[in-house]
Structures are given as structure tokens and as C-alpha cells.
Amino acid sequence: ESDYYPKSDKIFVVSDIHGQYEVFRKLLYMNGIIDQDDNWTWEDGQLVLVGDIFDRGDQVHETLWLIYKLENQAMAVGGKVHLILGNHEVMVLQNDLRYVTDKYFSISELFEIDTPQLYGIDTFWGRWLRSKNFISTIGSTLFVHGGIHPELITKYKSITEINTRMRDNIDTHRDTIKNDQELSDIFRSKGTIWHRGFFQPDSLPDVSEDELTNILDHFEIYKIIVGQKTEDSIYYLKIKVLVLQILV
């Protein structure tokens, strides 16, 4: 995946599907992204999925197949489907199975493999997922699942560096990440997939207005769109951060 895409006048953004296939497809259909046969109808529009396809729901694979199908159909007509990786994708790939539903344990038992091996680097889904970004920009808007911790901009010059560092270590053992300060910062609470500093109140220090301005300036962007948490309203940091979440 490229890290940077040109400005588009047609962007539709969804976050935290969590295996809710029927909700997802209905949302796309009702907004003209797909037709009743689940085919792409949005021409050169861009669909951005801001992480957390995995866990909680029991139709993760159905959702993945639809995303993959739409990705190819959109590309054929000048559109684009962006899948941004969230914390739940990384959790499953790194064998943290706290939120995996029983269905997927049953599937892995049938294949006589551990559940993370369903998405191993030698599998179709594994290769596809590992090709995706943790951060992408479209024009002057940045898309990330959790957020950008202010310390990240002191360590990384570009989102390309962040994507590369995380992609290169997505299969690093959790204990190794925990014991390596640099990897811990980028994969855990200060990283793009877990950071919650754009929300208040929260267990982490809130990102101040000045810190957010520094982040925007550093990446030469105007807005940040995140998923991660359910919010009743968009109230923090004016309109510079847009919070997304499916409410069902």
C-alpha cells in the first residue's frame, strides 16, 4: 500500500466493524457504496476502513471477503478501498485471542492448527493483511485507528517510517515487544493502534491543542480521523479530530 493518496471528493469512512457483516453491508448499501448484490457502485470514490475488522462478532471472514472483493472492483474503475490495521488485527496476529469468538477456535481445530495460523504469513489472508497500513493519508487528512501520540513525532519523520517499522515487526513476539522500549512505544499505549489520547476523560493524558497542532504540522495534514472508541458526540479539539464508531 502507498502511504499517501491524492485528495478525493468522495470518501466514506467506517470504523470497528468487529465481524458485524450484515451491519457493514447494510451501511454500505444504504449509502450507495454497493448494490444489492454487494458489488461496488461508488465509481472513483474511496472507502476507508479505520481498523478492527476482527474479534467480538462471528462474521469476520465474511467481512474480509467482502472487503477483498470491493477492493478489486473499486481498483478496476479508479476507486480505492483502504484497510487500516487496528489493535484487534494485531492482537490476533500476535496470538492475543481474548476477544475471538468460539466459531474461530472451532475452525482452527478442524484444520488442526492454532487460531493465529489461520492468518499466518504463509496464508492468503496473512499476506494480504500484512500488506496494509497502520496510517494512511488522503490529501490533507490522516486516517489512523487509535491516534498519534505526541512523542511519535519526535521519533519518526514520516508515516512511511511508522508503517514500515510496524509492518516489519508485526510478527515479533509480544514479550519481545514488551521488553523493547522502542517497539513497546509504537505497538502499545503510545502507538497508533492503542493510543486514546484524543478522547477525554481517559486513562491516558489528553492530547493538548498545542500538541495536536504540532502533530498536524509534522505530518503536513489538516485533519485526523480515528476509530477505537464509542463516543456519543464529537466534542474534543474542535473539528480537527473526527471520531468514528459503528453504534449497534
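This is a predicted model: local features need pLDDT of at least 70, side-chain atom pairs count only at pLDDT 80 or more; totals for chains, interfaces and linings use all residues.
View 1. E2 covers residues 11–14, and four bridges join E2 to E3 in a parallel arrangement. Between the two strands the chain passes through helix H1, residues 21–30, and this β-α-β crossover from E2 to E3 is right-handed.

**View 2. The two faces of strand E3.** E3 spans residues 46–50, and five of its five residues are buried. In a regular strand, side chains alternate between the two faces of the sheet. On one side of E3 lie Gln 46, Val 48 and Val 50, and on the other lie Leu 47 and Leu 49. Both faces are covered, with the residues on either side all buried.

**View 3. Pairing of strand E3 with strand E4.** Five bridges connect E3 to E4, residues 80–84, and the pairing is parallel. Within this pair, Val 48 is placed opposite His 82 of E4.

View 4. Strands of a sheet pair through backbone hydrogen bonds, in either a parallel or an antiparallel sense. Here three strands form an open sheet in the order E2-E3-E4, and the pairing is parallel. E2 and E4 are the edge strands, each with a single partner strand, so one side of each has no neighbour in the sheet. On average, neighbouring strands of this sheet are turned by 15 degrees against each other, direction ignored. Helix H2 packs on the sheet and touches both E3 and E4. The direction of H2 makes about 140 degrees with that of E4.

View 5. Gln 94 sits in the loop between helix H3, residues 87–93, and helix H4, residues 102–110. Is Gln 94 buried or exposed? Its relative accessibility is 14%, so Gln 94 counts as buried, the cut-off being under 20%. Which residues are in contact with Gln 94, leaving aside its neighbours within four places in sequence? They are Asn 169, Ile 170, Thr 172, Arg 174, Ile 177 and Phe 187. Asp 171 lies 77 residues from Gln 94 along the chain, and the C-alpha atoms of these two residues are separated by 6.3 Å.

Terms used. Residues are numbered from 1 along each chain as its sequence is written. Side-chain values use heavy atoms; hydrogens and water are left out. Buried means under 20% relative accessible area, exposed over 50%, partly exposed in between (1.4 Å probe, protein chains only). Two strands pair if DSSP finds at least two bridges between them. A crossover is right-handed if, with the strands pointing away from the viewer, the path from the first strand over the helix to the second runs clockwise. Axes are lines fitted to C-alpha atoms, for helices over the stretch in contact, and angles run from 0 to 180 degrees between N-to-C directions. Contact means heavy atoms within 4.5 Å.
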